[in-house]
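Hi everyone, thanks for coming. Let's look at one model together, and please keep the viewer open while I talk.

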Amino acid sequence: MKRVIVIGCPGSGKTTFAEKLSKRTGLPLYYLDAIWHKPDKTHISREEFDQRIQEIFATDKWIIDGNYNRTVEMRLKECDTVILFDLPTEVCLQGATERIGKGRYDLPWIEKELDPEFEGFIKEFADNSLPKLYALIEKYRAEKYIIIFKSRKEADDFLRRA
């Protein structure tokens, strides 16, 4: 496990897990949200985003935290380990709600409320995004180490054994 992607629904615990995994393994951690977003709540261009991801790929070891569906397959091709958080929608909504008002490593601002569009994305994730993630994982299954967590307890248990 040297090149890891952590994907799944927002609010599922991906970022917290990735931070703990990085501390446990010493692998450098990159947050896609921190790369994409600017402090003024705008974002960099797709080209710049892709270039930054390519720069990460040029290194030997990394953990990349985040979805960004457009770039999942390019990251799947480069990683050796896929960690997917497939948690119930209610758990993800609670996770997203609980981080409101708190500083985060992956965002350059503090969220003051749960954005309705973001809430909708979380509510639709299981129907819209998850099947695509599973299809991509299946496409690369033979050459990757795949870990799927159905609960935060499973993720915590994994970290205890890592």
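Five helices each supply at least two residues of the lining of the largest pocket: helix 1 (14-25), helix 2 (32-36), helix 5 (89-98), helix 6 (116-128) and helix 8 (152-161). Helices here are DSSP runs of H or I with at least four residues, numbered from the N terminus. A quick word on the source: this is a predicted model, where local features need pLDDT of at least 70, side-chain atom pairs count only at pLDDT 80 or more, and totals for chains, interfaces and linings use all residues. Residues are numbered from 1 along each chain as its sequence is written, and side-chain values use heavy atoms, with hydrogens and water left out.

Back to the pocket. A pocket is an open set of points on a 1 Å grid over the protein atoms alone, where a 1.4 Å probe fits, with protein on both sides within 12 Å along at least five of seven lines; lining residues have an atom within 4 Å of a point. The largest pocket holds about 1400 Å³ of space, a volume filled by probe spheres set on the points, which are joined across faces, edges and corners.

Which helix gives the most to that lining? Helix 1 does, with 5 residues. In total 45 residues line the pocket, and Pro10, Asp33, Arg99, Arg104 and Phe118 lie nearest its centre. By class, the lining has 17 nonpolar, 11 polar and 17 charged residues. Nonpolar covers Ala, Val, Leu, Ile, Met, Phe, Trp, Tyr, Cys and Pro; charged covers Asp, Glu, Lys and Arg; the others, Gly among them, are polar.

Now for how helix 1 meets helix 8. Their axes come within 10 Å and cross at roughly 5°, with axes being lines fitted to C-alpha atoms over the stretch in contact, and angles running from 0 to 180 degrees between N-to-C directions. Therefore helix 1 is roughly parallel to helix 8, the term for angles under 35 degrees. Phe17, Lys20, Leu21 and Arg24 of helix 1 make the contact with Ala155, Asp156, Phe158, Leu159 and Arg160 of helix 8, where contact means heavy atoms within 4.5 Å. That contact has 5 nonpolar, no polar and 4 charged residues.

Is arginine 160 buried or exposed? Arginine 160 is exposed, because its relative accessible area is 56% and exposed means over 50% (1.4 Å probe, protein chains only).

Definitions and conventions:
Buried < 20%, exposed > 50% of the residue type's maximum accessible area, 1.4 Å probe, protein only. Parallel < 35°, antiparallel > 145°, perpendicular 65-115°, else oblique.
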